[in-house]
Amino acid sequence: MTREEISQAIGEIKTEYIEEAADEEKSRKRYIPRSIKLILSAAACAVIAVALMFKMNGLPVIENTEGGMESEACGQAANSMPPETNEKDDQCDTAVPQENQTQMLRVKIKECRENEIVAEVLEENGYFAQGSTVGIMLWQSESDKTQNSGQAAARECVYAQYSEMIENASEGDEIEIRLSEKGKDEKMFIIMPKKAGS
Amino acid sequence: MQDNQSTDKKIIELFFARSEQAVTELADQYGTGCRRIANNILNNESDAEESVNDTYLAAWNTIPPQKPDPLRSYIYRIVRNIATARYHKNTAPKRNSSYDVALDELEACLASSDTPENQLSAKQLTEQINRFLAQLEKENRILFVRRYWYGDSVSKIAQETGMRSNTVSVRLARMRSELKRNLEKEEMQI
């Protein structure tokens with residue numbers, strides 16, 4: 001038997017065997033080796049673990065940057081109360097940075113107004129996005145506090161520790177403010193993300 | 001499979017409507033497979049390409065009246081026949097394709113008897129091979145068909161199946177021995 005005849009004989013085998021091999025080859029092309037699958041699974045697990053770790057440690061979360069649900073609730077609650085009461089300050093507690101959140105806020109003074117200092121955030125922290133504009137208010141007396149708080153509560157607010165640097169700041173200065181828990185310092189700032197048009 | 005069937009049906013309808021789009025669709029669907037088979041046999045890109053084009057022409061000339069089902073095997077058979085005819089006519093003396101090696105392996109296995117009365121016809125041999133393939137395990141049968149029908153090289157089969165080349169070679173050698181024993185058992189000396 002010649003090579004040609006052998007070739008011809010093989011060429012005439014049943015169609016089902018030709019199809020079977022073609023189907024198998026097609027499915028092999030979609031086949032991912034087990035080693036690759038393991039690597040992909042391990043990578044996915046690592047990503048999930050890191051994400052969970054961040055979540056559990058309370059590391060800065062971007063949603064809070066411009067005042068999230070908590071700050072919004074603070075504003076809403078304050079809006080529904082008379083400005084003379086101090087209860088609205090308590091409502092702002094939720095906006096005080098937590099222990100693990102970035103405590104420092106670096107800003108550049110843009111404008112000094114009578115009751116407010118307008119500043120630009122230089123570095124993102126747990127509450128403020130880099131480049132956003134904030135209004136900084138300070139009070140020296142209880143009446144100041146009440147008056148300013150009423151205004152502040154209509155927007156979103158966090159507290160910061162008093163610093164002479166802020167009081168003496170002029171336009172163009174770059175200063176660092178420590179965000180604070182309420183009650184630690186009698187002279188506190190209220191810092192509000194300044195909304196567009198406000 | 002469902003997708004293949006509906007695509008095949010659409011292609012055949014285009015052939016029956018004598019639309020040239022049929023050839024374009026056929027090339028999209030089975031062009032890669034056809035080129036692979038032709039190239040395995042001929043080991044020459046331009047010869048393979050010509051064989052594939054001849055295949056499309058043959059399909060155009062035979063559908064209709066033919067209404068092949070499955071279309072894939074029909075087209076693959078055509079391209080294999082055209083490529084092997086070209087191989088035996090032009091390139092056999094060169095013996096440089098993976099198909100050459102495959103044929104060498106089979107030739108050694110199906111060692112021919114000197115007496116013409118003991119020789120099998122190609123048709124009889126096909127029947128023997130079909131019976132042999134039917135009794136093989138699916139995995140081995142696919143190895144055999146890929147090597148001796150599609151003309152795939154041992155290294156390519158090994159790469160795509162995740163086996164070592166040596167394992168593929170050993171399995172094929174065992175299958176050839178088995179085939180030879182089967183033929184001898186039935187006193188069909190080749």
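A salt bridge is a side-chain nitrogen of Lys or Arg within 4 Å of a carboxyl oxygen of Asp or Glu. One such pair joins B:Arg147 to B:Glu105, whose closest N and O atoms are 3.2 Å apart. Welcome to this predicted model, in which local features need pLDDT of at least 70 and side-chain atom pairs count only at pLDDT 80 or more, while totals for chains, interfaces and linings use all residues. Residues are numbered from 1 along each chain as its sequence is written, chains are lettered from A and ligands numbered from 1 in the order in which they are written, and side-chain values use heavy atoms, with hydrogens and water left out.

**Confidence in chain A**

- The score to know here is pLDDT, the predictor's confidence in each residue, from 0 to 100.
- Chain A has an average pLDDT of 66, and 50% of the residues score at least 70.
- Helices (H or I, at least four residues) and strands (E, at least two) are DSSP runs, numbered from the N terminus.
- Among the elements of chain A, the highest mean pLDDT, 85, belongs to strand 2 of chain A, and the lowest, 32, to helix 4 (residues 69-79) of chain A.
- Residues 60-94 of chain A stay under 50 in pLDDT, and the model gives them 57 contacts beyond four places in sequence; a contact means heavy atoms within 4.5 Å.
- A further stretch, residues 194-198 of chain A, has pLDDT below 50 and nine contacts in the model beyond near neighbours in sequence.
- Where pLDDT is low, the predicted coordinates should not be read in detail.

**Strands of chain A**

- Two strands pair if DSSP finds at least two bridges between them.
- Strand 1 of chain A runs antiparallel to strand 2 of chain A, and five bridges join them.
- Within strand 2 of chain A, A:Val118 is the residue opposite A:Glu111.
- Strand 1 of chain A also pairs with strand 5 (residues 174-178) of chain A, in the antiparallel sense and over five bridges.
- A:Val107 has A:Ile175, in strand 5 of chain A, as its bridge partner.

**Salt bridges within the chains**

- How many salt bridges are there over all chains? The count comes to 16.
- In chain A, A:Arg106 and A:Glu123 form a salt bridge, with the closest N and O atoms 3.1 Å apart.
- A:Arg106 belongs to strand 1 (residues 104-112) of chain A and A:Glu123 to the loop between strand 2 (117-121) and strand 3 (133-138) of chain A, so the pair ties together parts 17 residues apart in sequence.
- A:Glu123 is partly exposed at 44% relative accessible area, and A:Arg106 is partly exposed at 26%; buried means under 20% relative accessible area, exposed over 50%, and partly exposed in between (1.4 Å probe, protein chains only).
- In chain B, B:Glu50 and B:Arg86 meet through their side chains in a salt bridge of 3.1 Å, N to O.
- B:Glu50 sits in helix 3 (residues 45-62) of chain B and B:Arg86 in helix 4 (residues 71-91) of chain B, so this pair ties together parts that are 36 residues apart in sequence.
- B:Glu50 is partly exposed, at 41%, whereas B:Arg86 is buried, at 15%.
- As for the opening pair, B:Arg147 is buried with a relative accessible area of 2%, and B:Glu105 is buried with 19%.
- A network of salt bridges links B:Arg36, B:Arg146, B:Asp152, B:Lys156 and B:Glu160.

**Where the chains meet**

- Contacts between the chains involve 45 residues of chain B and 25 residues of chain A.
- About 3,300 Å² is buried between chain B and chain A, with carbon and sulfur atoms giving 55% of this area; buried area is the accessible area (1.4 Å probe) that two parts lose on being put together, summed over both.
- Three salt bridges are counted between chain B and chain A.
- A:Glu20 and B:Arg141 form a salt bridge, their closest N and O atoms being 2.8 Å apart.

**A residue to look up: B:Thr84**

- B:Thr84 lies in helix 4 of chain B and is buried, at 7% relative accessibility.
- Its side chain reaches the backbone oxygen of B:Arg80 at 2.8 Å.
- Beyond its neighbours within four places in sequence, B:Thr84 is in contact with A:Ser7, B:Ile41 and B:Tyr99.

Notes:
A polar contact is a pair of N or O atoms within 3.5 Å; within protein, one must be able to donate a hydrogen and the other to accept it, and residues adjacent in sequence count only if both atoms are side-chain atoms.
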